[in-house]
Amino acid sequence: MSQALVAWGKKIYARWGGLVLGIGLVAVISIVLGRAVYQEWDTLKTFHWQLNVGFLLLASVFHSLALGATFVAWHLMVRRLGRFSDIRTNAHIYYLSTLAKRVPIAVWYIGGRLVMYQPI
């Protein structure tokens, strides 16, 4: 009976584990960032915001280029060291776990990658 239960658990995790992990990461990041904004709202209100659309677009372009370059380095490293050569899977794991970089604790960032590469 316990073997069947373990097999059922592995089947459920294989089917829904990545989705639950992705939703969980997004939820935790959103909560942490929302809490930080809420706690610092009085300070944020004191700034006189001036949004320059040109600079915003320029920053977005350069940020995207930098993020793409770091992904290429990540893909080449993981392909060489870990034998994970599927570029779509590597892109999915890299960009999903990169969201967790903004959370103050590195466990979400590093642990997310470890867990997402585990079933492959």
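I started with Ile87, which sits in helix H4; helices here are DSSP runs of H or I with at least four residues, numbered from the N terminus. This is a predicted model, where local features need pLDDT of at least 70, side-chain atom pairs count only at pLDDT 80 or more, and totals for chains, interfaces and linings use all residues. Residues are numbered from 1 along each chain as its sequence is written, and side-chain values use heavy atoms, with hydrogens and water left out.

Is Ile87 buried or exposed, or in between? I got partly exposed, because its relative accessibility is 47%; buried means under 20% relative accessible area, exposed over 50%, and partly exposed in between (1.4 Å probe, protein chains only). I also checked Ile87 against His63: they are 24 residues apart along the chain, and their C-alpha atoms are separated by 21 Å.

Next I looked at the length of H4. Its 13 residues should span 18 Å at 1.5 Å a residue, and the end C-alpha atoms are 18 Å apart, which agrees; the expected span is 1.5 Å times one less than the number of residues. I listed the buried residues of H4 as Asn90, Ala91, Ile93, Tyr94, Leu96, Ser97 and Thr98.

**Ser97**

I picked Ser97 out of helix H4 (residues 87-99). Ser97 counts as buried because its relative accessibility is 0%. What does its side chain reach? I found the backbone oxygen of Ile93 at 2.8 Å. There is also a polar contact of 2.6 Å between the side chains of Ser97 and Arg113. A polar contact is a pair of N or O atoms within 3.5 Å; within protein, one must be able to donate a hydrogen and the other to accept it, and residues adjacent in sequence count only if both atoms are side-chain atoms.

**H5**

Arg113 took me to H5, where it is buried along with Tyr109, Gly112, Met116 and Tyr117. Seen down the axis of H5, the buried residues fall within an arc of 115 degrees, so they line one face of the helix; the arc is that of the directions from the helix axis to the C-beta atoms. On the face turned away from the buried side of H5, I noted the exposed residues Val107 and Leu114. The 12 residues of H5 (residues 106-117) should span 16 Å at 1.5 Å a residue, and the end C-alpha atoms are 17 Å apart, which agrees.

**H2**

Thr46 is in helix H2 (residues 41-46), and I have it as exposed because its relative accessible area is 54%. The side chain of Thr46 reaches the backbone oxygen of Thr43 at 2.6 Å. I then compared Thr43 with Leu19: 24 residues apart in sequence, 36 Å apart in space, C-alpha to C-alpha.

**H1**

My last stop was Trp16, in helix H1 (residues 2-39). Trp16 is partly exposed, with a relative accessible area of 43%.

Terms used
Helices (H or I, at least four residues) and strands (E, at least two) are DSSP runs, numbered from the N terminus.
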